[in-house]
Structure formats: C-alpha cells, structure tokens
Amino acid sequence: MIKIDRRLIKYFDFITFSLVISLSIIGILTIYSATRPPVESMNHPDFFLKQILWLVASLCCLVLMVLFDYMWIQRFSLYLYIAGMLMLVLVLIIGKSAMGAQRWIEIGPLTFQPSEFFRLIFIISYSAYLTTLREPLSHKTYLKSALLFALLPLILLFKQPDLGTTILFLCIFITLSLIKGINKKFITAALIISIISVPFLGNIVWDKLKDYQKNRLTAFISPDEDIAGIGYHINQSKITIGSGGLTGKGYMKGTQGPLRFLPEKHTDFIFAVYAEEFGFIGSIILVFIYLILFLRGLDTALKAKDEFGRLVATGITAMFFFYFTVNIGMAMGIMPVVGVPLPFVSYGGTALLSNYIAVGILINIRTRRYELFYP
Amino acid sequence: MNQRIIFTRYIIIIFFVIFFFRLWQLQLFDGEKFKNLSEKNRLRIIKTPAPRGIIYDRNGIPLVKNIPFFSVMLNPDELDSIDTSKLADLIGIKEADLIDKIDKQRSSPFVPIKLKIGLTFEEVARIEARKSDFPGVFVDTEVGRNYLFGKTGAHVIGYLGKIRSYQATAIDLKELPQDALIGQWGIEAVFDKELRGMPGERIIEVDAIGRELRLIREVSPIKGKDIYLSIDIDIHKAIEESFGTKAGALVAIKVDTGEVLALESLPSFDPNVFAKGVSYSDWIMLINDPKKPMLNRALQSQYPPGSTFKIIPAIAGLEERVVNNDFSANCSGNLSYGKWNFGCWRKGGHGLVNLHRAIVESCDVYFYELGKRLGIDKIHKYAYAFGLGQKTGLELIPVKEKSGLIPNVSWKEKNKRLPWYLGDTFISSIGQGFVLATPIQMANVTASVVNGGFIYKPSLLFNVKQPSVKIDVAEESLNTIKKAMAGVVNEPGGTAKGAISQTVSIGGKTGTSQVVGKKKGLVAEKYMDHAWFIAFAPVEKPEIALAVFVEHGGGGGAVAAPIAKKAIEAYFKGKLENKNDKNR
C-alpha cells in the first residue's frame, strides 16, 4: 500500500480536477446526444459507454500521476523520449491506417494513437532539456533542440500524416522556447530567416500534403465556393452552431448531428453539437470553463517550485489551449479544418487518457509547489 | 520567465474575446438565419398530386381514365458509380440524350432526375430486374391519362402535357412540380384548374443523404372536380364513321340551351400519344401532316357557306317586307346584269319560283333578285344579328376561333380598296364571294332560326343553360324558313333527299362552297367544292340543330346531308335508349 501523505490531500488542486471532470461529463452527455440514431427503432451506438470506461481509466491514471513527485519524471525524461520516438517509428511500420492516415496501433480490442502520448513526452523531455540550460536559447542550443525535439518527431508525425498534431507540436515547441527565453540577436535573425523561407518551405510542404489536407485549407479560405464539397464541413458546422440561438434547441433536440448533416459530430465537431443544443448561454459557460482551466494552469506554472515544473505546466496548459483554439476555431469557421479533438469533450480514448495524465502532472506540480514538500 | 508566463495569460484572454464575439455573431446576430438553414437541411416538402377529375359525356359515359404510368429516375448522388452507356442501353435511349437529360435536370444532390417517362410494363420489368447493377436508378409511378375513345372527340377533350417554359411563371402553376402534367388542349386545358384539384403535401424529415426518416405533417390531396360535358360521344362516333376518310367538321347544338351536343373535326389526333409526353418527331409529324389533324375545323375553318347562307337574306326579305310568300322571281338559269352574267346552279332554270320553292330548290336567281331589292347593308344587318361575322365565344384552348366575315360597302372599300358593285351583292346573297363562316357559326345560326330567334353562346358543359339574346325577328318569318327547310329534305325537287330519315323528321339546307371557278376537266379531289349542310330535327319541335362541313366533299346534298342524318339519328337513338333505361 502506498502511504498517502495528508498534505497530498490538503494541497490537492480540486479546482483543476473539478473543471476537467465537468468537461468530461459535458463531453459524455454530448457524445450521447450526437450519436443518437435518427430513428427511435435503431440501436444507440455505444460511443458514450466506451467514453465512460475510458474516463474511469483516465481518472485512475490521474490519481497515479499525483502520487509521486514530478521530479521523478524529470529524471526519466530521456528514456521517455526514446520510448516515444520508438512508438512513432512503430506506428509507421505496423500502424493501422484509416482515412488515408496511419496513426493507430492495435493492441487486442483497443486501438491507440501513439502521437497522443508523445505530445506529453515531448513536453516533458523538452522542458527537462531546457532546464539544463543556464542561459536563454542561443543559436547553438536552439538548433540542437530544434533538431532533437522539433524536426525529428515532426517528420515522423508528418509522415503518418497527422497535419493537426504536427502543427500543434510546432506551436508547443515555439511556446516553450519563448518561455525559456531566446537570445535577442538570435530571435531577430531567426525571424528574418523564417519570413524569407516561408514561401519556399510552404511550397514544399504543400506538395507533400494529401489531397484532403489541401482541400481543408482551401475550404477555409473560401468555404462558400463549393458548399456541397470541400466547404461542406465548415458550412454545416456554422449552421449547427448558429441554429442554437440564445438558449439552444435543448438537450437531445439538435438535428444536425444525428441526421448526419454535420460530419465527425462526436469527435472533431462536438462543440457544434453542444452549441446547437445549449445555445449561446451554454457555449459561453463551456468556453468559460476552459478559460478558468487555462488561467489556473498558468497560475500553477507561476507557483511551481522549480523551472522544470514551470515549463511543464506552461507546456501542458499551452497544449490544451492550442487544441481548444484550433478545434472550436474550426467549428466556428475562423480556422482551417484541421482534425484535432476538443480536449476532455471529444470522443476518443487515447486522447482522454493522455489529457488526464497531463492534468495529473499539472496537479502534481501544484500540489508540490512548496520546496519542503517531499513525501 | 514569470513575466513571460503572465504575458501568455493576456494572449489567452484575447483569444477568448475573439471567441466570444464569434459566438455572439453566429448564435445571436445570425442565429435566425442559421436556424432556417438547419430546418431547410432537415425538412423536405413533397407534393402529392391529386387525382385528376374525370371527364364524362352528357350520358355519364367516362371519356378519360386515370392510369398509372412509369418513369425511370436516378438519384444524382449515385451518379459517379453509374456507367452511362450501359444505363442508356437499359432504358433504350441514346447516351448523348441521357447525359443531356442529367445535365439539364441536375439541381441538387437530393432531387432525383427523370430519365424517361411512359415506360411499358416490359421496360419496367427489365429495369427492376437489373436494379442491383445500377444503384440510384429506380422506377417511379405517376398518374397519367388514358383517353378511352382515342381520336373520337379529341378536339373537344384535348390532352395533358408537361408545363411549358413560358407557362411556368403563371401564378396558379408555380406551386406545381416542374414536370407536372397540365391540360394543354381542349377541355383538359379550359378546366385544368378545376380538374386538377389541390395537390397534397408531405413534410418529411430526411437525413443528409436524403433518406426519409419520419413524417412531420401530411395534407391529403383533394381530388379534382369531375366535368360533365354536353357532348354525346355516340354522336361523335356516328360522325367519325360517316365521314370516313373525308376531312371536315360537324357541330351540333341543343337548340333550347346552347349546349354543344357534338363538335367533331376530322381528321383527328390520338390524345394518348400526348399523354405519355409526345416525342419531338411525333409532334413535328402531327404539325406538318398535310391533312392538318391538329386544326379544329369546327372553329377555325372559315369558308363561303354557299347556299346555306340563303336563309339569312330570306329572313331579311320577310322582315323588311321586301318579299312575302307571293313574291316570285322568274329563273331562266341566269341573270344578266350589265356585261356580267350570274348563273343559277341549274342551267335550265327553275321557272317561276316563290320564297319557299327558292329555298327548297336552292334557286340562285331568286336570291340575286332578293339581294338586289334588299341591298348589302340589310343582309349584313341580319347576318350579324344571327351571329355571323363574329366569334360565337366557345372557348377551347389553345384553339383560336375564327370570326368569319360578312362583307359590306365600307369593308370592301377599306380592305380591297374597291367600290361595292351590285354583283358583289348578288354573290353575297348566295353565300359566295367574300362571305365566310365557320361550322360552329352555321350551327348556331340554324339553332337560332328554329328556336324562335334566341341566340346562345355555345357551351360544352352539360345542363348549363347559357344566357341568350332574342333576335328582333318575327316568329312568323322564322316559321316560314323552317317550313322551307323541311321542304329541302322532304319535298319533291328538294336538294337534300339524302337526309330523309326513317326515325325522325329532318329539315335542312344544302350549300356548296366553290373552290375554283367552274373550269372543266379539273376532277382531282383538291379541286372539288366544299360541301355544307345545315339541319335541324325534329321538324315539329326542333331539339337539335347542326352544321356539317366537308372539305372537297362536292355537293352539299349528296355528301353532307347523309352525315347530318346519321348524327341526328345517333342523338335520338341515344335519347330513346336513355328513356328505356329509366323506364326499366
């Protein structure tokens, strides 16, 4: 039996915990509504049941993540990094492909997406690396870190291909680099170089994109051009959200998802389904929960006892924020259709599990914010 | 580092402000718009056509039947998986036509495209059997019309056709589906709105691929009204039989109501050809047929009425007291006037004839004399009073009734830029020259003569008495004419012996409309005169009045009179049978 320190309970971050629990409950309810069959006589698909089971597993992981000092994570970060990279290579070799992408590994009845865990490993190992640096990132250290923590994993991810995750990794990488601090001379040089090279790199990347990815990007620029084709997702999502009005159509009363006008209704577009049923008021409440979660995460970073904790907490908060922003930005038609889930709400077991592990680390950092605390 | 983390906080808050405004814009500012769009996504309104009203003849015999007919349809969202050349083979049209049809009708991924209509049962069976090879292809059942008597009465009954592009904007048609069938000809067109009824509506909920999920609301269609026509299909059958291959028209009118008992124009067309959607080549064939089957000769053929017109100057003479029964003219076979010579049809002459004999034997010289005494203006006045020179007002779509022509001095000066000669009066008096009339006008004139001088607007509806106008003529004058017309058929020397019937007493007047001047050697049919005959029956108490016109029929007495007799006999036979039915 693990001995549980009383302080562990005393300083436990119940606010963050209850925020993510309420998001998960909203998620399960919305998954239930979004996947209900259009005709009563049909069976209700069991997505919501699976999600409940995943939530239970996730909660166990969260508790486990709080039990030990996060310093142990720092110590094992190199091994974690190696293991994560191996998973990414593995998925390219034995991964299961679906919809033109090879992202999943099958273990028995479960399918899981290594990239979902790798984002955490990435935050941890990059933060651990940054902690070893005494000074702000210079061109030398920056290039080394860029090669190790950005280029290598990104190439592997891009090969799957997982455009959404790739972009989000890049964002997290830049955020963590900026938080650590970059040599002023170097940042100016890097900015100029990147601005010049964007058109060339952009071209190369564009050529490497799959057709559906190109479609998504062009559809974002002009969604009205082809309402039945590429722009369909964006248009239907806007209709779904907008038709909610002030108070929404009511729980289980939304039509766009169950009647299949809205694609990916319980995964990438779950926010639209929620907004249709709960309206402007409901949407604001949901968005507000996220806002508190993010601000709390930054607060945890500020209060952390060491630099590693600060960086990890910021990285995790930034990760949640980017996923959230890209997802609901896409649903509201102000960002390109990039298939990323809404954290804690969208259907998807691996993502939920890894998000709860991340929250566990976040709570761990906050709980052990006093230097003397050492259970 | 802490400063940078605090700075991150503000970035996050800025993003949330953006999200807040975007949500406000989508859900509050444009909320109504998106709500409507989501309803439009979800709900489909499907029109269910109303059964069309049935058209009956005056004896209650149905003339049309609603029958199902089959169309082959295609769901556009399955288009990609379809081999068009194989599909064209299956439904028996050219591939180019098929692609053309698909392109023209493709409007939305959810509205099926109609590929071919009016399939036979064999075609339906063939398509159903190979359905699995062609996803998205299905057979749709619609209700069409079957015209039970085919060509008989087709000019009256008409036919249904697709809404034409120029009609689509008409207010009462806007509600109908684009490919709905509406009355395009005849009674089907005149009473289209009544026959059509009110289409029903089904509001259904569909999913994104257009599958029907549940019925939200249903309004049943209201069946169209049945129409009872005044025509008697048995008379039509008799007319068609007795005309044989000849072209012409017959209009019969019930004298005391203005109901049209028969209105036949021959040759006719088969409305069943149109009911399935006439093909372009069939349509061109009908339009360009030299026999002009689409021409309604009863309303649109205007020719000199010949001697049938003589009853007009005869009435004028009596009314204007120019003649009485004792007034006689001496017919020597011709009448010389100046350097012109006006002949009588009988070269040897009729000798001394009074009005009665002049009508019975159709003496032309008598009417030259009468016309001379009356003057063209008086003839014009009475002809007009009896409805000649103007439309009777019978409405049949899209047939435009001709108004005929009764000339007078000013008409000739205006249109021919020539003065009026006495010779013009002579030939007008015998219904030749400029005088033009349609069969329906002559039938209506006859009815007015025998019903005591009432002129009705002819109507095709059963048991609807039309308003009438009393012509200012004495009963006595009309009786004189009636008696003379009875003599035409029944007295020795009468010109219409062919109309003598064993079952009913008939009166009438023959007429011949000259095609070319009497040149010798021209015997081909197209140079033969047109034959006219107007008739009424029974003589004692007239019920039916009619006019027969036979194109290139030759003499009125020989060709037209027997047709009139057949039609009259058919009318009274039907009446007798109906009476027997009721007594039983």
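**Close-up views of chain B**

View 1. The side chain of E401(B) comes to 3.1 Å from the backbone nitrogen of G393(B). This is a predicted model. E401(B) sits in a loop of chain B, between α16 (376-385) and α17 (409-416).

View 2. Is E401(B) buried or exposed? E401(B) is buried, and no salt bridge is found for this residue. The nearest side chain of opposite charge belongs to K391(B), 6.7 Å away. A salt bridge would need a nitrogen-to-oxygen distance within 4 Å. Leaving aside residues up to four places away in sequence, E401(B) touches L299(B), K391(B), T392(B), G393(B), L394(B) and I440(B).

**View 3. An open three-stranded sheet in chain B.** The strand order is β4-β3-β5, and the pairing is antiparallel. Strands β4 (113-119) and β5 (137-147) of chain B are the edges; each has a single partner strand, so one side of each has no neighbour in the sheet. On average, neighbouring strands are turned by 30° against each other, direction ignored.

**View 4. The β3-β4 pairing and the helix packed on the sheet.** Strand β3 (residues 64-74) of chain B pairs with β4(B) over five bridges, in the antiparallel sense. Within this region, V72(B) stands opposite K116(B) in β4(B). Helix α4 (residues 95-105) of chain B packs on the sheet and touches both β3 and β4 of chain B. The direction of helix α4 makes about 125° with that of β4(B).

View 5. Side chains of opposite charge can pair when their charged atoms come close. Across all chains, the whole structure holds 29 salt bridges. One is between E205(B) and R42(B), with N to O at 2.4 Å. What does this pair tie together? E205(B) belongs to strand β8 (residues 200-206) of chain B and R42(B) to helix α2 (residues 31-42) of chain B, so the bridge joins parts 163 residues apart in sequence. E205(B) has 3% relative accessibility and counts as buried. R42(B) is also buried, at 13%.

View 6. The closest N and O atoms of D192(B) and R196(B) are 2.7 Å apart, forming a salt bridge. Both residues lie in helix α8 (residues 192-196) of chain B; they are four residues apart, so about one helical turn separates them. D192(B) and R196(B) are both buried.

**View 7. A salt bridge between two loops.** R346(B) and E361(B) meet through their side chains, with N to O at 3.8 Å. R346(B) is in the loop between β15 (340-343) and β16 (351-354) of chain B. E361(B) is in the loop between α14 (355-360) and α15 (364-374) of chain B. The two residues are 15 apart in the chain. Their accessibilities contrast: R346(B) is partly exposed, with a relative accessible area of 35%, whereas E361(B) counts as buried at 11%.

Note on methods: Residues numbered from 1 in each chain as written. Chains lettered and ligands numbered in written order. Predicted model: local features only at pLDDT ≥ 70, side-chain atom pairs only at ≥ 80, totals over all residues. Heavy atoms only, no water. Buried < 20%, exposed > 50% of the residue type's maximum accessible area, 1.4 Å probe, protein only. Lys, Arg positive; Asp, Glu negative; His and termini not counted. Polar contact = N/O pair within 3.5 Å; in protein donor to acceptor, adjacent residues only side chain to side chain. Contact = heavy atoms within 4.5 Å. Pairing = 2+ DSSP bridges. Axes fitted to C-alpha atoms, helices over the stretch in contact; angles between N-to-C directions.
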